[in-house]
Amino acid sequence: MAGRRTKEASRRTPVMEQFFAAKEQYPEALLFFRMGDFYELFYEDAVTASRALDITLTSRGKSRQGEEIPMAGVPHHAAAGYLARLLEQGFNVAICEQLADPSTVKGIVPRGVVRVATPGLTLEPDSLDAKADNLLVALHPEGERWGVAALEMSRSDLRACVLADGAALIAELVRLEPREVLLAEGHDALRTTLTKVLPRSALRLAPAAGDESVEERLAAHFGEDEARRAGREVEAAGREAAATALRYAQSAQPGTAIRVERLVRYDPNERLVLDEAAVRNLELVRTLTGDRAGSLLHLLDRTKTSMGARMLRRRLLAPLADLAAIRRRHDAVEALVVDAELRRDVRARLDRVADLERLATRVELAVAHPRDLGAIRDSLIAAQELAAALRERAESSTDDAIAQLAPTTLAEEVLGELETALVDEPPVATGAGGIFAEGVSADLDELRTISTSGKDVLLQMEAKERERTGIGSLKIKYTKVFGYYIEVTRANLHLVPDDYTRKQTIANGERFVTEALADLQAKILGADDRIKALEAELFADLRARVAERARELRRLGSELASLDVAAALAEVAHRQGYVRPELDEGLALELEECRHPIVEQLAERGTFVPNDVRLDAEGARLMLVTGPNMAGKSTTMRQVALAVILAQMGSFVPARRARVGAVDRVFTRVGASDNLAQGQSTFMVEMRETATILREASRRSLVILDEIGRGTSTYDGLAIAWAVAEHLHDGIGCRAMFATHYHELTELAELKDGVVSYNVAAKEYGDDVVFLHRLVEGAANRSYGVAVARLAGVTEIVLARAKAILADLESGAPLPGGRRASLRGKGQLELFAPPAAPEEPSELERTLAELDVDRLRPIDALVTLARLKQML
């Protein structure tokens, strides 16, 4: 575009000069250029937007080379929807507004960029997910370590931490799930990984710091005292990342200061740590297919406010490690579980609360409209009623937790001012008028009276003038040419007072004006415009006064969100029959009749089979779980991990009884998946995840391992699984569940005191198998693989052949080709024994014996016959 600008400079109109000046400021953003009732886009921006938004691509004039200049546009009143779609696709959009009313400007209307909307910095409700934080994350490398700063612009919240390595960084970014990530040049491998694990995040090049130091940036934003505090509490890499985030955010808000009051240090290791694999495999916020429906968060989210929904998500992804704090959360949930009437009342009142956190930031940044202030007022009224109801209930209750539920920050001054100032239902647009109630402004009331009853005011003036002059026929009239005037007949001209100014002589008299009539005319004819202008001025003043209390509003929003989360979890616990867990500093984990919170919802009512699980790092700490596929091994292990996460986030758990010795990390290695984009096979992914667990797990961790060693040969897989299990038991000593089809692994229960063997029971009826889903002590004696294959619909001839080969393997008979299959040790296959002579019965006879003719369809019978003939 630079070359095009140079060649066409001499041909540009003044308006296009404005366009190019704005575009030069923000070359990487699409430019929404306000022209009348539309935002127009030109050149490459127009082409890009037309494709992204599926809007018509037109043209405006021609370039010097005679080529048409591409143009596309969207109506300004519908721009929010188009903007949201562009941000969702990862674009940045610079908004270039008309800076004056075109009707009051002679010549070209001044224009300038007022803000840049980016995926991580937008404040538009249409562009924000009400139930998730909208984060901008800046990264700063420091050797192997990474500084991370997370800015939630819509809540004016900035937090920073320093992480030990790339694995910890990925885990934290998955937890945060930012909409936008700032990363310096280079780091190509990390960019590739982030593209995969954060598909919704826009990756941006971090802005250059220039000559400004980190300390100068922080001091310029926070002030010297706050910058010094941040310097003491936040490590250098974290401060670097925070400065980058602030620099980027400020560049997107030209002329408006970013309202972030402090930089808060946080440490993910002070919480229950969940890595990327645990968040994904346990389907905490999304299913493995990427859907929210079916996740644990979807089940738990019975919140009534957007603030509560976001807090619930944060708590689920960062459960606590502090037992006292966890118990306080449990106290709040229990109080609302026990008192069903109070719970219903609280939830009904919360339903009237708007998103105070985000509204406060909109007010601070001067983008809130009148209806936003109305929503704040209505929310404050609901908060006051809520606090009063909770205090009243607390006085008559013996449960101290109820008193702690009541919000304490009620912003009464803000409420009083908004109640006095605003009408019951304020409009969305400031220019629409009708914002303020009567009595707020004497000037406004007068203008409204004139606007709505101008004729009555004129009649009153006419009557006064008749009385003052004694001219009974005096009339006040109006024409488009002369406006309002006083008409006096020729016979009464001698009674005209000196303050009348002659305007026009007519056939039967004369027309006059007075200073009072001219003033009234100006008021009547310009009343509506003056009303809008005065209301806009009054609204800006009111919004500025509310902005001074934005911090108070956000604090109240946080208190209401916490109450909302407690009420939602209490509702879930009541409806689903969850129990309050016992938490302590011990290393035991005891779950009686534990259930999987999601799977039990999918099963028919009353059919889900609960299970008991007991693990103790000082005793039986490693549980080996065997059993057939589809019997429920993975479900049982997942539900144990979910119970721990629920307990430590402050929720009740799906069990009859639960005792949880505090856990510092939950690790999972569940399921199989190739990472073909990075050239990693299923086995490589499995080994990488296993390596992370063995490197980072501590004695207080909970480890869930499912089918380690499947992706390689039998001997290699068994050897790896055995060694991993031994290390978990001997080296780490943590609580762990290890599902396997290597039955040889169950010998560990006989060799190690801390290893116990369990299996998920199944019953075989003829060739069919029934899964009982019950966890029972002891190892499974077989895997029922052929029976499961039958359930999956594998054709009968293949099943019959498989059963025949299985019988050979178990008996040591020759395999096809003459090699002998024998059992080595306890069931380990030896496939390389010397050839032996065929033994009776023959291969054909054995296959026929295993064939279930009653199950064959006609087409299967023909296929089977062909295979038997081939075998013969």
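**Contacts, helices and loops**

Modeller: Setting aside the residues within four places of it in sequence, L534 touches S441, D443, L444 and L447. This is a predicted model.

Biologist: Is L534 buried or exposed?

Modeller: L534 belongs to helix 20, which covers residues 515–547. A residue counts as buried when its relative accessible area is under 20%. L534 has a relative accessibility of 17%, and therefore L534 is buried.

Biologist: How many Å apart in space are L534 and S634?

Modeller: In sequence, L534 and S634 are separated by 100 residues. From C-alpha to C-alpha, the distance between L534 and S634 is 67 Å.

Biologist: What distance separates the end C-alpha atoms of helix 21?

Modeller: Helix 21 runs over residues 550–576, which is 27 residues.

Biologist: How many residues of helix 21 are buried, and which residue just after helix 21 has a positive phi?

Modeller: Helix 21 is mostly covered, with 19 of its 27 residues buried. Just after helix 21, a positive phi of about 75 degrees is taken by G577.

Biologist: Where does H187 lie, and is H187 partly exposed or buried?

Modeller: Most residues other than glycine have a negative phi. H187 is not a glycine, yet its phi is positive, at about 55 degrees. H187 sits in the loop that joins strand 10 (180–183) to helix 6 (188–197). Its relative accessible area is 29%, so H187 is partly exposed.

Biologist: Is E707 buried or exposed?

Modeller: E707 is a residue other than glycine with a positive phi, near 60 degrees. E707 occupies the loop between strand 24 (702–706) and helix 25 (714–732). With a relative accessibility of 6%, E707 counts as buried.

Biologist: How far apart do the centres of the positive and negative side chains lie?

Modeller: The protein chain carries 114 positive and 134 negative side chains. The centres of these two sets are separated by 3 Å.

Notes:
Residues numbered from 1 in each chain as written. Predicted model: local features only at pLDDT ≥ 70, side-chain atom pairs only at ≥ 80, totals over all residues. Heavy atoms only, no water. Lys, Arg positive; Asp, Glu negative; His and termini not counted. Charge placed at Lys NZ, Arg CZ, Asp CG, Glu CD. Helix = DSSP H or I, 4+ residues; strand = E, 2+ residues; numbered from the N terminus. Expected span 1.5 Å × (residues − 1). Buried < 20%, exposed > 50% of the residue type's maximum accessible area, 1.4 Å probe, protein only. Contact = heavy atoms within 4.5 Å.
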